[in-house]
Amino acid sequence: MGLLSDPNRRKALTGLLTRLNTPICIVCYLAGIVWFMGLAFEPFTLRTYMSENAMGSTMVEERFSSGERALSLAKEFDPPSACCGLNGMPVEWLVKAMQSRGLEVFTQSFSRKLPFPDENKERYMVRGTNVYGILRAPRAPRTEALVITAPCSPGNTNNQAVALLLALAQYFRNQIYWAKDIIFLVNEHDLIGTQAWLEGYHHTNITGMEYSPLQGRAGSIQAALSLELSSDVITSLDLVLEGLNGQLPNLDLANLFYAFCQKLGVLCTIQGKLQRNDWDTAEGYTHAAQTMMLMVLKQACGRSWGDHGLFLRYHIEAASVRGINSFRHYKTDATTIGRLLEGMVRKLNNLLERLHQSYFFYLLPSLSRFVSIGYYMPAFGLLAVILLLRALDLWVHLGAPALAAVDGVTEPSSPGVLTVLTPVVISHLTGVALYLLPVHLQEMAVEHFPVSETEAVVLTAIAIYTAGLALPHNTQRLLSGEGTEQGWKVLKLTALLYLAVLLGCTALINFSLGFILAVTLVPITASITPHMPKALYAVVMVLLSPAFTILYCVFIYQELIEAPVSVSEGWMLFLSVISQGILDHALYGSLVYPLLALFIYPCWLMFWNILFWN
Amino acid sequence: MLILSSLLLFILLAAARDEFQEELVIRPLHSGDIYASFQFRTLWDTDFLQEGQKVSHYRLFPKSLGQVLSKFSVRELHISFTQGFWRTMQWGQPFIPSPPGAELWVWFHDTVSDVDGNWKELTNVLSGIFCASLNFIDLTNTVQPSASFKPLGLGNATDHRFLRYATLPREIVCTENLTPWKKLLPCGSKAGLAVLMKSEKLFHSSFHSQAVHIRPICQDEQCSSKAWELRQTLNVVFDLHTSGQGKKEWSLFKMFSRTLTEACPLASSSKVYVDITDNPELFELSPATPLLGQAVVLGDRRTYSVYDLIMPTSSMVLSPCALGDMLRPLLHAERYVAGFGLQTGEIHTVIYNNHPYRAFPVLLMDSVPWYLQLYIHTLTVTSKSRDNKPSYIHYQPAKDRHRPHLLEMLIQLPPHSMTEVTVQFERALLKWTEYTPDPNHGFYVGSSVVSALVPSMVAMRTNFTQDQPLFSSFVPVKEESSYFVRVYTEPLLVNLPTPDFSMPYNVICLTCTVVAVGYGSFYNLLTRTFQVDEPSPPLSKRLANLIRRMRGVPLLT
């Protein structure tokens with residue numbers, strides 16, 4: 001601390017920081033990007049390991065053998081009653097099937113009117129029924145439970161999963177070793193059904209869902225698994241972890257899945273990508289980097305990528321297991337999948353405490369390798385420190401008016417509060433408009449323009465976004481006259497600190513979102529001044545604005561899942577991503593849309609203001 | 001010789017004054033499970049609490065319990081150990097209900113001055129006798145219910161200062177608790193019905209509950225003299241689904257892997273009842289018994305086949321049974337925690353009155369540990385979506401680390417209704433030594449107790465006779481039209497905010513760093529006196545001064 005108490009050395013330090021500010025910032029930015037890309041490099045990552053003792057060394061022997069029966073059940077389930085077909089779920093059939101397997105069966109009906117029609121899934125007024133059966137553990141006091149769910153939504157045939165669920169229920173019912181009740185849930189309308197069930201189970205109402213109260217409960221749910229087998233031929237199993245708002249389940253759940261895949265010789269993937277062993281080749285590294293990037297993109301968008309994602313809010317560790325048919329030479333039969341689930345459920349049944357031993361914050365470049373929060377945070381830290389350095393630089397400049405006085409220029413008095421406050425308030429009002437108007441103005445828009453409700457919402461959002469660019473700049477002049485040199489510096493200082501806080505908080509909760517925003521926002525916000533060529537920089541700023549970030553992410557995502565799209569397709573996807581984001585917020589309480597509309601976009605507008613300062 | 005013979009006479013007289021009965025009831029349940037309920041009753045017309053008289057001669061009554069009764073001046077003692085949860089909706093009402101875990105409630109004699117001290121010692125002694133963790137009962141989980149637990153025996157003590165009630169919902173019941181319990185029987189597990197109690201089978205079941213009830217009762221109808229009754233009960237529900245490979249067929253041997261051969265030689269009565277009320281024509285009992293008994297139990301008239309072991313015929317019971325429609329239990333309750341997050345929550349207790357047209361009042365008792373801080377102003381009672389004002393509320397707020405919340409309410413249940421009692425709570429942040437070794441498992445909240453006089457479908461027998469079966473005579477019936485039922489809800493498992501206990505090392509490192517770097521430097525900055533120091537003279541000058549000092553010439557400045 002001698003450094004700070006000595007005015008000379010302090011001056012030298014600040015001098016150094018202001019003089020070398022730009023080079024340091026550039027180095028930090030590059031270092032951040034390189035660090036991030038290095039995370040996928042195998043020698044820099046850690047091997048996954050089971051932290052939870054209760055699941056580690058305890059022996060579990062899988063004996064499930066009625067996979068064939070499950071398949072024939074699936075056939076019975078399919079054609080006559082058309083499960084998951086157009087007529088909705090065969091509730092009575094399911095109730096009877098579960099009852100005959102010795103479960104306590106309950107149903108829950110729910111209905112939900114979407115704020116605007118969901119064109120991807122073609123639904124607007126959703127009405128459905130969840131069926132769940134509780135297998136009561138012998139001599140257990142109904143305090144703990146595990147959940148296995150199989151979504152059964154119209155249009156996607158998940159009847160194999162439902163049949164496997166029933167076969168497992170039958171097998172589990174005859175076992176004596178259960179210590180936790182097991183809930184078998186077949187939910188209609190995928191996430192909406194899960195949401196209704198979870199809200200019913202916990203007797204909360206956070207999203208305005210209408211549902212009938214649950215009759216049977218089984219205490220606090222410890223873990224949940226969701227099973228989706230959409231194809232008749234399953235070659236591999238994919239593990240989906242990304243949940244609502246980028247929440248992830250405890251890493252031990254992924255370890256558990258991986259351990260059983262290894263044990264049973266099942267091909268397992270994450271993000272649909274197999275693991276490769278050649279980390280030292282360029283292809284190997286690219287593969288790992290792609291897998292990790294996919295995870296980052298999925299996590300950043302903050303939606304729930306499977307039924308499991310909604311459980312995480314309730315502090316229930318959950319993951320989705322998805323059967324995939326993509327690797328020709330392999331085939332996994334239903335018995336093996338049943339055994340895998342049996343093993344996982346039995347190990348979860350052995351748990352003495354909630355899963356808490358392993359990491360909650362991680363990235364997975366492959367199933368057997370992980371990057372913990374301690375490794376990836378510096379990448380973000382390097383980007384965030386740029387904002388702080390620029391703020392420091394500005395602070396030093398603002399705090400040295402003496403230099404100006406020497407030149408004989410009469411320095412105007414320091415800018416009033418209004419100069420800063422006006423753009424801040426107006427930007428945020430634009431943000432509020434962006435948040436509220438699209439959904440509320442849809443009727444009016446539909447009346448006046450030849451568009452559907454969904455298009456109306458998305459296009460209104462884009463219109464407001466664009467209008468925001470024209471509206472607020474130079475607003476401070478209305479109140480405080482000519483913009484001064486000092487004025488924009490104060491505004492930029494405020495905006496930089498504001499952005500740093502915003503990104504910092506975001507990255508703590510959802511690293512991926514914070515990092516992606518930082519990558520695009522930091523360079524332009526750090527360098528913006530009113531003295532730049534306006535037209536050029538305006539274009540650059542727009543190209544690095546949050547909306548374009550989403551657009552880039554859409555393209556990169558499509559590229560990574562090996563389904564590249566043309567520009568027009570990409571544009572359509574972009575529009576649907578926006579509508580999905582708004583829907584996710586309304587239906588499940590995803591926070592990405594409000595974060596972008598209410599905070600990030602206004603913050604970006606403040607910088608836009610600086611560019612057009614005069 | 002005279003002394004000896006009179007002593008012998010005395011012993012014989014004393015011996016004549018105690019008796020032992022044993023009984024097993026088997027009831028096939030509608031869910032396809034088999035409910036087996038053992039009851040052993042020892043009656044002794046002596047008085048442990050009489051001044052000046054020390055009871056030292058024991059015959060059938062276990063000495064360990066007798067001594068405990070007299071030492072701690074216990075008027076009534078009820079203790080139960082239960083593993084599992086009684087599924088009222090599937091199984092109907094049990095003969096004697098009990099909550100999951102351990103439950104202990106004791107009425108002390110009103111001469112006791114230090115009730116809490118006696119209670120503490122008593123729990124420790126019982127803990128030793130039953131090999132259970134009853135020593136974990138302390139003031140933080142003991143309550144004094146004002147209305148829910150009235151004495152079941154003689155005497156109308158209503159001053160609840162002499163009552164103590166505690167549950168340990170987390171208690172795990174196993175063979176180590178069963179063995180001492182069996183030892184209290186006069187025949188042990190050597191003869192009689194207790195032969196069937198093979199722990200391997202008893203704990204291979206859906207529900208297991210063992211209990212000891214001690215109370216003073218009237219010896220005869222006139223109640224001229226008092227007798228002590230010790231009732232040991234054991235309730236088991238066997239799951240035919242898992243053990244029977246789908247066949248609806250059972251036998252004593254299949255359930256207990258033992259058969260009955262003889263009664264306990266010390267028993268005055270030893271009977272096996274098989275409930276054949278539901279679809280008697282579908283039952284096939286072998287050997288068939290000519291004896292049919294009827295009993296009114298829990299508001300329902302049941303028919304039983306009776307096997308008397310004192311005059312034995314044979315010992316096997318075998319019967320395929322079919323499922324019938326079950327009478328919905330008239331009273332049923334459940335409980336759960338609503339909400340998410342680790343800050344607040346809401347306890348919901350739902351009580352169902354399934355009676356088609358009769359309303360009846362119930363007493364709800366909730367004992368909530370102090371670390372769930374109840375917001376009692378948020379207490380709501382609604383039935384049929386209308387506010388239902390309890391006619392009696394007894395609430396004793398908790399004191400942190402000293403006593404739990406106690407909430408007792410008298411609620412009128414409308415006919416055919418669902419009544420929901422909700423109360424919000426905040427989760428306390430415990431001191432780090434107060435967490436259990438497995439804090440992420442959660443903390444238990446004991447079952448709430450719903451006690452009620454439920455309107456009976458058939459007239460209950462109110463007169464007291466010796467010859468009715470034991471299982472129908474536990475709770476004294478005071479009026480014909482209703483019977484007493486106690487329903488326990490499930491215990492709750494609540495997660496409290498838990499620190500990451502693997503962190504202490506990191507925390508120590510971090511705090512040390514913060515203290516060293518942050519505090520140290522600030523302290524340094526704040527306490528240091530700053531002064532402008534003279535620039536030190538150049539080296540040449542210093543050298544010159546050195547030489548000058550040696551020469552004794554005035555120094556250069």
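Student: Which residues form a negative surface patch?

Tutor: This is a predicted model: local features need pLDDT of at least 70, side-chain atom pairs count only at pLDDT 80 or more, and totals for chains, interfaces and linings use all residues. Residues are numbered from 1 along each chain as its sequence is written, chains are lettered from A and ligands numbered from 1 in the order in which they are written, and side-chain values use heavy atoms, without hydrogens and water. Now the idea. A patch is made of residues with over 30% relative accessible area and no salt bridge, with like charges joined within 9 Å and nonpolar side chains (Val, Leu, Ile, Met, Phe, Trp, Tyr) within 5 Å. A salt bridge is a side-chain nitrogen of Lys or Arg within 4 Å of a carboxyl oxygen of Asp or Glu. Asp and Glu count as negative. Here the negative patch is formed by A:Glu119, A:Glu122, A:Glu443, A:Glu447, A:Glu453 and A:Glu455.

Student: Which helices of chain A each supply at least two residues of the negative patch?

Tutor: Helices are DSSP runs of H or I with at least four residues, strands are E runs of at least two, and both are numbered from the N terminus. In chain A, helix H15 (442–448) and helix H16 (453–470) each supply at least two. A:Glu453 lies in H16.

Student: Is A:Glu453 buried, exposed or partly exposed?

Tutor: Buried means under 20% relative accessible area, exposed over 50%, and partly exposed in between (1.4 Å probe, protein chains only). A:Glu453 has 33% relative accessibility, so A:Glu453 counts as partly exposed.

Student: Which residues make a nonpolar surface patch?

Tutor: A:Val417, A:Leu418, A:Leu421, A:Val425 and A:Leu429 make one of about 460 Å². A:Leu429 sits in helix H14 (residues 417–440) of chain A. A:Leu429 counts as exposed because its relative accessibility is 53%.

Student: What about A:Leu605: buried or exposed?

Tutor: A:Leu605 is buried, because its relative accessible area is 0%. A:Leu605 belongs to helix H23 (residues 592–611) of chain A. The C-alpha atoms of A:Leu605 and A:Ser427 are 5.9 Å apart, though 178 residues separate them along the chain.

Student: Over to chain B. What is B:Thr123 in contact with?

Tutor: Contact means heavy atoms within 4.5 Å. Leaving aside neighbours within four places in sequence, B:Thr123 is in contact with B:Leu104, B:Leu134, B:Asn135 and B:Ile137. B:Thr123 lies in helix H4 (residues 115–130) of chain B. B:Thr123 counts as buried because its relative accessibility is 0%.

Student: How many helices and strands are in chain B?

Tutor: Chain B has ten helices and 25 strands. Of its 557 residues, 53% count as buried.

Terms used. Accessible areas come from the Shrake-Rupley method with a 1.4 Å probe; for residues, only the protein chains shown count as cover. The place of a charge is taken as NZ of Lys, CZ of Arg, CG of Asp or CD of Glu.
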